[in-house]
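I opened my notebook to look up the aromatic rings. The entries below are in the order of looking.

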Amino acid sequence: MEESIITSTQNAKVKHVVALQQKSAQRRKEGLFVVEGRRELMHCVEAGYEIAECFVLDKLADLADLADLAPLGSLESLGSLVSLVSPQVYEKMAYRGSTEGVIAVVRERQRSLDDLQLSASPLIIVLERVEKPGNLGAVLRSADAAKADAVIICDPLTDLYNPNLIRSSIGAIFSVPCVACSSEDCIAFLKARGIQILTAQLQDSSLYYDTDMLRGTAIVMGTESTGLTEVWRQAADAHIRIPMLGQLDSLNVSVSAAILLFEAVRQRNSKK
C-alpha cells in the first residue's frame with residue numbers, strides 16, 4: 001500500500017477515476033469501471049472481478065476500520081494497488097456521498113448469452129431499451145431477491161457499468177448474471193432453449209396471475225413511455241398485464257418487474 005497521500009485533485013490517477021465515472025466511452029475504451037462503497041465492492045470481488053486500483057480515504061488508514069471488507073480481508077493484501085487520498089480528493093473522485101471512503105477501479109468482464117448458466121426451469125427478466133440506470137439497478141435488486149437466473153438488457157441505451165446503475169443496484173449488477181445483446185439474438189436464444197416469452201403489455205393480454213410461470217420463463221418489459229417494440233410482441237408466447245385500477249395506465253418498470261418476478265416465485269413455491 002502506498003504510504004504517501006494523494007492531496008491534489010490534479011493528480012493523474014484522480015483525473016482518470018473522474019473520467020471513468022463520467023464518460024461511458026472512456027469505460028468502454030479501457031474496459032474499466034468504478035465501484036464505490038464497501039458493500040458494492042464486496043459483491044464485486046465475490047463475483048470474481050479484478051481490482052485494478054483502490055483508493056481509501058486517509059482517515060481510514062487504520063485498516064482495522066475496513067475489516068468488514070471481506071473477502072478482501074485486509075487491503076494490505078492489495079499492496080501497491082491501494083492509495084490513500086485526502087478528503088478533498090475523495091470528494092472529487094466520488095460519484096456520490098457517503099460511500100464509506102473506498103473507491104476501486106475494476107476490470108470489466110465480458111459475458112455473452114452463451115455464458116449464462118441456467119437452471120432447469122429458468123426465470124429471466126428481459127428489458128428492452130430501458131435507459132434509466134436507476135430503473136435498471138432497481139430491477140437487478142428485485143432479480144437478486146427473486147433469485148432469477150439472469151437479467152438480459154436488449155438494445156441498451158446505457159452501459160452496464162454506469163455508476164448510477166451500480167449504486168442503485170447496491171451491487172446486484174455483480175450478483176445477478178447480466179448480459180447486453182440485441183433483441184433478435186435474445187429471442188433466438190430463448191426460443192432455442194424452449195423458454196416461454198411473456199411480454200408485459202396492456203393490449204391483447206391476460207392477467208399476470210392467470211398465466212403459468214412454472215416452466216422456463218422470460219418476462220419481457222419495455223420502456224414506460226413506448227412499451228415494447230413489435231419484434232417482441234410478435235415473438236411472445238403470451239401477453240400479460242398487471243391490473244390498473246386507478247386513472248394512470250402504467251407502473252414504473254422496476255415495480256412491475258418486482259410484481260411479475262414474485263408471482264413466478266409464488267407459483268413455483270406453491271408447487272413444492
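My entries on the aromatic pairs follow.

I noted first that this is a predicted model, where local features need pLDDT of at least 70, side-chain atom pairs count only at pLDDT 80 or more, and totals for chains, interfaces and linings use all residues. Residues are numbered from 1 along each chain as its sequence is written, and side-chain values use heavy atoms, with hydrogens and water left out.

I looked up the aromatic pairs and found six. Rings of Phe, Tyr and Trp (its six-membered ring) pair if their centres lie within 6.5 Å; planes under 30 degrees apart count as stacked, over 60 as edge-to-face and the rest as tilted.

I took Y49 and F174: their ring centres are 5.2 Å apart and their planes stand at 70°, so I wrote down edge-to-face. Y49 is in the loop between α3 (38-46) and β3 (51-57) and F174 is in helix α7 (residues 172-175), so this pair ties together parts 125 residues apart in sequence. Helices (H or I, at least four residues) and strands (E, at least two) are DSSP runs, numbered from the N terminus.

I then checked exposure, where buried means under 20% relative accessible area, exposed over 50%, and partly exposed in between (1.4 Å probe, protein chains only). Y49 is buried at 8%, and F174 is buried at 7%.

I went on to Y208 and Y209, whose ring centres are 5.0 Å apart with planes at 65°, so this pair is edge-to-face. Y208 is buried at 14%, whereas Y209 is partly exposed at 38%.

Last, I recorded that F33, Y49, Y161 and F174 form one aromatic cluster.
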